[in-house]
Amino acid sequence: MAAGVAGFCGAGCDRVPEKSRVAFTEEETRQILKLSPLPEIPKNPTNAFADNPAAGRLGQRLFFDVRLSADGRFSCATCHDPAHGFSDPKPLSVAMGTTERHSMPLWNVAYQRWFFWNGRADSLWAQAVQPLLHPDEMASSPEHVFAVLSGDAILKAEYEALFGPLPAAARSRTPEADRLLSNFGKAIEAYERRIISTASPFDRSVEALRNGKTGGQSDRISESAQRGLRIFTGRGRCVLCHAGPNFSDGEFHNIGLPGISVDQGRFEGILDVRDDRFNGPGVFSDDRSPATNIKLRFLTMKINHLGEFKTPTLRNVEQTAPYMHDGRFATLRAVLDFYSELPGDPAYGHREETLKPAHFTEQEKDDIEAFLRTLTGAPLDDSLTRPFPAAESKPVGR
Amino acid sequence: MKLTSGNHLLPFLCILITAGSAGCKKAQQAAQPPASAMPAAAVIWPAKCKTERGSFTVTIQPTGGGITLNKHFSLNITLTPDEGASVPTSVSATADMPSHGHGMNTAPETIHEGGQRYRANGMLFHMAGDWSIMVEITAGAKIERAFFPITIE
């Protein structure tokens, strides 16, 4: 019989503090240790500017710039609002039109392998181009982006310092226009790669556990949260898909949400990402090599991809309601109610075989919710969550 | 061919040996954990298995020494034909999660490296749990398969 580990009280702890009464087995402890901390941010060689601070600064300007939308009212931040976990409190976003899916939170988006709920982009820069042009989102055009950039001295200077001179014109579907759009995306990616969740109470608890420290109360998550963690990694099997320190396997699953839907999810996303002219092997990529683009090279499409959607991160999940690809659940409790009973038949395709009704008690739901709330980190530095004030809008190099 | 939950119970499942085990048991392959995570049992590679029809012994070994959860890897495959076995005309590898009813989200491509050596590129285990690696050999009129169960953590 494996020796128990008293909550997050390390070996040698002879007093079980108030917040640490759950005795985790060695196996449970091993599972818990896999969930923290976040590793280094993966590189993206297809964007040579991904970790360039100047590109990040330009990207931040562009992210919040409503002038880029067709009618001058919407920016990326409209649907990825920093005040709501870089997501949208509305189930479907409303900009130039109404979107078909809920806005994905941007927390830790740099760790993802695929982008959008259906993975129809293989990089963050390729992703960023699509809402810019989509008629229901910003409904912009290369001509419009060109006009905004060339008409703003700061944007123009920062763009040109990074990417070289703006083209003389940017007529849609010309190489110059696509180069402009891809550079736009690369700057946005450089900003979004900085939207990384900060250490949460859960992380501090795991760190104490890993170091075998008894720690103080501040190193502990509540007893209810510990029970929730046990369910999360154990009989709830949540960790099968919400795996690793980012609480996402980065892949796609059909959890069998009921209702009437024509959304094929990943099935359609695979077709789209292969055809995307901004994908990794494409001409606008900064590294088109097979080795870098291995994920697209061996990607396959199967019938079970129908109705699959990407596993979202659970980092800061309490900030990002509503939930699911269509934003159907207003609260975490509603999500747990769904997983508890798995009501109805899947709207599309076939529910993941491993999903069985968990029949959580109300107490267990409370506990899982308590655990999920321990994944909330401190807010990002304010300088990352707002547009640069005009006073800070200096051209690069000054 | 896709391995389903129905046929994974075939008696031809081969056995991987874990470090420290005296006998045969199902493999438990530790995905590369964060540096600070607890170590887990590691498979002793290479793994060997006879095909279900018995014409080949199949030896597999992932490149890089092991399999990491959610990372692409290649699989080196070596065939040892029994006497009288036909010459293989194709060799492929894939993997499924029998209890999940799905497999990998990639379609590996196998290249012939000469002699009895092959390499399957583009393997990816995106979930922790029980997987079954299948190597399929077409030789003459026969299709031969070898199955290697492995648990990824």
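Modeller: The crossing of α5(A) and α7(A) is left-handed, a term used when the near helix is turned anticlockwise from the far one by less than a right angle, right-handed being the clockwise case. This is a predicted model, in which local features need pLDDT of at least 70 and side-chain atom pairs count only at pLDDT 80 or more, while totals for chains, interfaces and linings use all residues. Residues are numbered from 1 along each chain as its sequence is written, chains are lettered from A and ligands numbered from 1 in the order in which they are written.

Helix α5 of chain A covers residues 142-150, and helix α7 of chain A covers residues 175-192. Helices here are DSSP runs of H or I with at least four residues, strands are runs of E with at least two, and the numbering starts at the N terminus. Two packed helices are described by the angle between their axes and the distance between the axes. For α5(A) and α7(A) the angle is about 65 degrees and the axes are 10 Å apart. The axes are lines fitted to C-alpha atoms, for helices over the stretch in contact, and the angle, from 0 to 180 degrees, is taken between N-to-C directions.

Which residues make this packing? From α5(A) come Pro142(A), Val145(A) and Phe146(A), and they meet Ala177(A), Leu180(A), Leu181(A) and Phe184(A) of α7(A). A contact means that the C-beta atoms, placed from the backbone, lie within 7 Å. Sorted by class, the contact of α5(A) with α7(A) holds seven nonpolar residues, no polar and no charged ones. The nonpolar class is Ala, Val, Leu, Ile, Met, Phe, Trp, Tyr, Cys and Pro, the charged class is Asp, Glu, Lys and Arg, and the others, Gly among them, are polar.

Now the chain around this pair. Chain A has 13 helices and four strands. Its C-alpha trace spans about 70 × 50 × 40 Å along the principal axes. Among the contacts in chain A with a separation of 6 or more, 73% join residues 24 or more positions apart.

Another helix of chain A, α10 (residues 266-275), has Arg266(A), Phe267(A), Gly269(A), Ile270(A) and Val273(A) as its buried residues. Seen down the axis of α10(A), they fall within an arc of 165 degrees, so they line one face of the helix; the arc is that of the directions from the helix axis to the C-beta atoms. The cover over these buried residues of α10(A) includes β3 (252-253), α11 and β4 (309-310) of chain A.

The loops of chain A have some backbone details. The peptide bond from Ser36(A) to Pro37(A) is cis, with omega near 0 degrees, and Pro37(A) sits in the loop between α1 and α2 (53-63). The bond from Ala321(A) to Pro322(A) is cis, with omega near 0 degrees, and Pro322(A) belongs to the loop between β4 and α12 (332-341). The loop between β4 and α12 of chain A also holds Asn316(A), which has a positive phi of about 60 degrees although it is not a glycine. Asn316(A) counts as buried, with 23 C-beta neighbours inside 10 Å.

Chain A also touches chain B, and the contact takes 19 residues from chain A and 22 residues from chain B. On the side of chain A, α1 (26-33) and α11 (294-297) are the elements that give two or more residues. The residues on that side divide into seven nonpolar, four polar and eight charged. Chain B itself has zero helices and ten strands, and 41% of its 153 residues count as buried.

Notes
Two residues are in contact if their C-beta atoms, placed from the backbone, lie within 7 Å. A residue is buried if 20 or more other C-beta atoms lie within 10 Å of its own, exposed if 12 or fewer, and partly exposed in between; C-beta atoms are placed from the backbone.
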